[in-house]
There are 2 protein chains.
Amino acid sequence: MDEKQALDAFTALSQETRLRIVRFLVAAGPQGSAAGEIGQAMDGASSSRMSFHLSHLEQAGLVISRREGRSIIYSAAYPALSGLVEFLMRDCCQGHPEVCNPAVAALSSCCEPAKGASHA
Amino acid sequence: MDEKQALDAFTALSQETRLRIVRFLVAAGPQGSAAGEIGQAMDGASSSRMSFHLSHLEQAGLVISRREGRSIIYSAAYPALSGLVEFLMRDCCQGHPEVCNPAVAALSSCCEPAKGASHA
DNA sequence: TCATTATCTCAATGTCTGTTGAGATGTTGA
DNA sequence: TCAACATCTCAACAGACATTGAGATAATGA
């Protein structure tokens, strides 16, 4: 992840519809979701609007797509998301791990295999 | 961290100068850096430009400021950064921790007390 | 108080971005 | 091949954003 990629990723995430799409796909898991399904989840956004935002996200490297029959299935690009987090926090704390440990804790708890209710 | 805050944070991070400022301050640690110092680190950006971006970042909650004599010292708002990471990755992986563990690893390694060379 | 330094505020300008609607492309089943 | 469906592409418009330069505010030391 270099600065240009990070900038593209943050630009993509700075728009309400796109941020919702990414979070929707993050929660959807690796199997992803069809463009139409995503559009319905976004308050029934128009197809051209979805296409615009999905291709924006794909160009930014935050989602990936594959065709399945008539549908195009989008899913979160987890490695890119990890890379983005790492880029933003790189060289954090300078030997004071307590300042960024909350971020680690937040992510770790998310990634524990679900036992009951998960997130806070 | 709610959606509006996250959106403001990502908007703030989607601009080259502001992203550099945040990363500069993340690396600078909790003691922070004066506005003028930051401006010099940003290829000598003009004071009005720095002021614009720093107040943008402060409004977005990503940095905090304090006056020290004539200078205003800015520092990274580490809890906000942690919250942002948590918000983006919330509900990730749905029982498949392997998909977002790389993000945890990236952050964890950053946060280990420095022994030699730190980041990857 | 005055000069100096550090930073912020404001208005003007050019550029970028999101939305919309119409139409094109690709896929499926008959 | 045809009709139906899913998605993408394109041009146009309104609104938001970054930069600039001039001037205002705040703190310091003499």
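## Surface near DNA strand D

In this predicted model, helix α4(A) gives the most to the surface near DNA strand D, contributing seven residues. Of the 23 residues around DNA strand D, those that come nearest are Gly36(A), Ser48(A) and Ser51(A) from chain A, together with Ser48(B) and Gly69(B) from chain B. The elements that supply two or more residues to this surface are α3 (35-41), α4 and β3 (71-76) of chain A, along with α4 of chain B.

Sorted by class, the residues of the surface near DNA strand D comprise seven nonpolar, 13 polar and three charged.

The class composition of the surface near DNA strand C is seven nonpolar, 13 polar and four charged residues.

Chain B contains an open sheet of three strands, arranged in the order β1-β3-β2 and paired in antiparallel fashion. Because β1 (33-34) and β2 (63-68) of chain B stand at the edges and each has a single partner strand, one side of each is left without a neighbour in the sheet. The antiparallel strands β2(B) and β3 (residues 71-76) of chain B are joined by six bridges, and Arg67(B) stands opposite Ile72(B), a residue of β3(B).

Helix α2 (residues 16-28) of chain B lies across β1, β2 and β3 of that chain, and runs at about 85° to β3(B). Helix α4 (residues 47-59) of chain B also packs on the sheet, where it touches β2 and β3 of chain B, its direction making about 120° with that of β2(B).

## Overall organisation of chain A

The secondary structure of chain A amounts to six helices and three strands, which follow one another from the N terminus in the order α-α-β-α-α-β-β-α-α. Chain A has 120 residues, of which 38% count as buried. When contacts in chain A between residues at least 6 apart in sequence are considered, 54% join residues at least 24 apart.

Chain A is divided into domain 1 (3-77) and domain 2 (80-111), whose C-alpha centres lie 24 Å apart. Six residues of domain 1 of chain A are in contact with four residues of domain 2 of chain A; on the domain 1 side, the residues that touch domain 2 comprise five nonpolar, one polar and no charged residues.

## Glu68 of chain A

Glu68(A) lies in strand β2 (residues 63-68) of chain A. Because 10 other C-beta atoms lie within 10 Å, Glu68(A) counts as exposed, the cut-off for that class being 12 or fewer. Glu68(A) and Ile38(A) are 30 residues apart in sequence, and the C-alpha to C-alpha distance between them is 15 Å.

Key:
Residues numbered from 1 in each chain as written. Chains lettered and ligands numbered in written order. Predicted model: local features only at pLDDT ≥ 70, side-chain atom pairs only at ≥ 80, totals over all residues. Pairing = 2+ DSSP bridges. Helix = DSSP H or I, 4+ residues; strand = E, 2+ residues; numbered from the N terminus. Contact = placed C-beta atoms within 7 Å. Axes fitted to C-alpha atoms, helices over the stretch in contact; angles between N-to-C directions. Nonpolar A, V, L, I, M, F, W, Y, C, P; charged D, E, K, R; others polar. Near = placed C-beta within 6 Å. Buried ≥ 20, exposed ≤ 12 C-beta atoms within 10 Å, placed from the backbone. Domains from an automatic or database assignment.
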